[in-house]
Amino acid sequence: MHHNILIWVIDCLRADKCFTPPADKPFQGFPLFQRRGVSFTGCYSAAVNTTPSMTSILTGCYPFVHGVHKLTGPRLAPQYPSLAQLLTDKGYHCRAEVTGPLLPALGLDSGFHEYHYRSACEHIFTGWGDQFLAGLRDWGRDQSSFLFLHTFELHEKPVRDKPFDTRLYGATEYDRTLYGVDNFARKLVDILDLDNTTVVLTGDHGEVIARRDFYRKLTVINRTLFKYRLKGRAFTVGHGYDVREDLVRVPLILSGHSCPHGEFVATPVSHVDIVPTISGLVSLSKSHTGSLPGVNLLPLADISPADSRPIFFEACDVGGTQARRRRIGVRRGRYVLFYSLDEKDDVGELYDVERDPETRTNLARREDRVARDLSDCITRFIKKSESEARGQAIEGTELSELEEKLRSLGYM
Ligand SMILES: [Zn+2]
């Protein structure tokens, strides 16, 4: 039989929302993947914006290395070995189904035999979703295949699936949409042959969700009419502007072929671990992945303890979002530290996320030694990474066209 790989990235999917639905309204689809796999409850995305984060998922590198910092590039250098290229070389047929800002101009199509970009209105609750599922029945039957699926229903103005669009399924549009996405997950499990398919389910970054939909609408008005001039908590929803836990913590579920069943792992892991894990599954040569910062997450017994490696994440300067500062953070052991790169004297925010998961108490001054250690760790990381950076600038007419397209999609 052929071995297939599906990476399903659900835009804006937060770890807590995926793993802990209300007790009286459990999910029906996500748990099917969890039962047939291992769920990492402490996964960090490498970036809080779609394009840099997706590039990290596909290359196994942090944005500081692959260089794709913004929605407008730089473009991933063509010689750079993305997962699609590695799997193509191994004989897999590679297809991407993407939307949002993942336009082919960014170079993420590298290595894919087919890179289908669709408009965000073609989503899983429309005919597109039915067509996609129908096509999946024959997927990977004749050749080992890799499918990279990006779905966008939770993003910014969540689109709801009618049967779940009632208060029974949550007070916010985000919550109600999530039940529709979970229902799609249930349909996927029905179709996929998990004995021969490895599924990686994750979010590209988290999301700050307004307590009420009214506040989310206010932020849209603020952006449109006042260009973000109105500040304050009511106006900070969405993602892209900071590296708080609810923005960087995403679910990571490895399910199906070669995965242990029904395991939950709280050890911090990262999106940069996905490429080494898949490389291990399909026995890729270490020469491709040996220099990557991530680790193979299977078998579970080999995962290093939490305090042995730092995990980095960043908010890039995306342009057109709530803030243009560049924020960077690290998780090591029980602590996270983050600060702004552009503010020289910023001592940052330090939290003990095991004791204080909602990051209420900033320990940066009280535990200044820990803060200094982690800050040095970030400085070393930046120094090493910048000597490797290899994105390709997008310039001139090509840049104007890309900006125009992103503007029409509501990004700038
Ligand atoms: Zn995204």
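**A helix, its core and the neighbouring sheet**

Helix 7, which covers residues 173–191, has 19 residues and spans 28 Å from its first C-alpha to its last, close to the 27 Å expected at 1.5 Å a residue. The model is a predicted one, and every value given here is computed from it.

Among contacts between residues at least 6 apart in sequence, 69% join residues that are at least 24 apart.

Which residues touch the most other members of the largest nonpolar core? They are Ile7 and Phe146, in a core of 101 residues. The largest share of this core is the eight residues that come from helix 7, and at least three residues are drawn from each of domain 1 (4–211 + 238–304) and domain 2 (308–408). Nonpolar side chains tend to be buried together in soluble globular proteins. If residues up to four places away in sequence are not counted, isoleucine 7 touches Ile57, Phe148, Leu149 and Val200.

Helix 10, residues 274–281, is another mostly covered element, with six of its eight residues buried. The buried residues in helix 10 are Ile274, Val275, Pro276, Thr277, Ile278 and Ser279. Their cover includes strand 1 (4–10), strand 6 (197–203) and strand 7 (249–256), together with helix 3 (50–59), helix 5 (83–89) and helix 11 (286–289). After helix 10 comes serine 283, which has a positive phi, near 55 degrees.

Glycine 140 sits in the loop between helix 6 (127–136) and strand 5 (145–151). Is glycine 140 buried or exposed? Since 20 or more other C-beta atoms within 10 Å make a residue buried, glycine 140 qualifies because it has 22. Leaving aside neighbours within four places in sequence, glycine 140 is in contact with His2, Asn4, Ser145 and Thr197. Threonine 197 is 57 residues from glycine 140 along the chain, yet their C-alpha atoms are separated by 9.0 Å.

Four strands form an open sheet in the order 10-11-12-13, with antiparallel pairing. Strand 10 and strand 13 (349–352) are the edge strands, each pairing on one side only. From one strand to the next, the twist averages 15 degrees. Helix 12 (residues 368–386) packs on this sheet and touches strand 10, strand 11, strand 12 and strand 13, while its direction makes about 115 degrees with that of strand 11.

Within the sheet, strand 11 (residues 327–332) has five of its six residues buried, so this strand is largely enclosed by the rest of the structure. Strand 11 pairs with strand 10 (residues 311–315) in the antiparallel sense over five bridges. Along that pairing, phenylalanine 313 has glycine 329 of strand 11 as its bridge partner, and glutamate 314 stands opposite isoleucine 328 in strand 11. Strand 11 is also joined by six bridges to strand 12 (residues 335–340), again running antiparallel, and here arginine 331 stands opposite valine 336 in strand 12.

The loop from strand 12 to strand 13 holds glycine 348, which is buried because 20 other C-beta atoms lie within 10 Å. With residues up to four places away in sequence not counted, glycine 348 touches Leu337, Phe338, Tyr339, Ala364, Ala371 and Ser375. The C-alpha atoms of glycine 348 and alanine 371 are separated by 8.2 Å, although the two residues are 23 apart along the chain.

Technical notes. Residues are numbered from 1 along each chain as its sequence is written. This is a predicted model: local features need pLDDT of at least 70, side-chain atom pairs count only at pLDDT 80 or more; totals for chains, interfaces and linings use all residues. Helices (H or I, at least four residues) and strands (E, at least two) are DSSP runs, numbered from the N terminus. The expected span of a helix is 1.5 Å times one less than its number of residues. A residue is buried if 20 or more other C-beta atoms lie within 10 Å of its own, exposed if 12 or fewer, and partly exposed in between; C-beta atoms are placed from the backbone. Two strands pair if DSSP finds at least two bridges between them. Axes are lines fitted to C-alpha atoms, for helices over the stretch in contact, and angles run from 0 to 180 degrees between N-to-C directions. Two residues are in contact if their C-beta atoms, placed from the backbone, lie within 7 Å. A nonpolar core is a set of buried Ala, Val, Leu, Ile, Met, Phe, Trp, Tyr and Cys residues joined through C-beta atoms within 7 Å. Domain bounds come from an automatic or database domain assignment.
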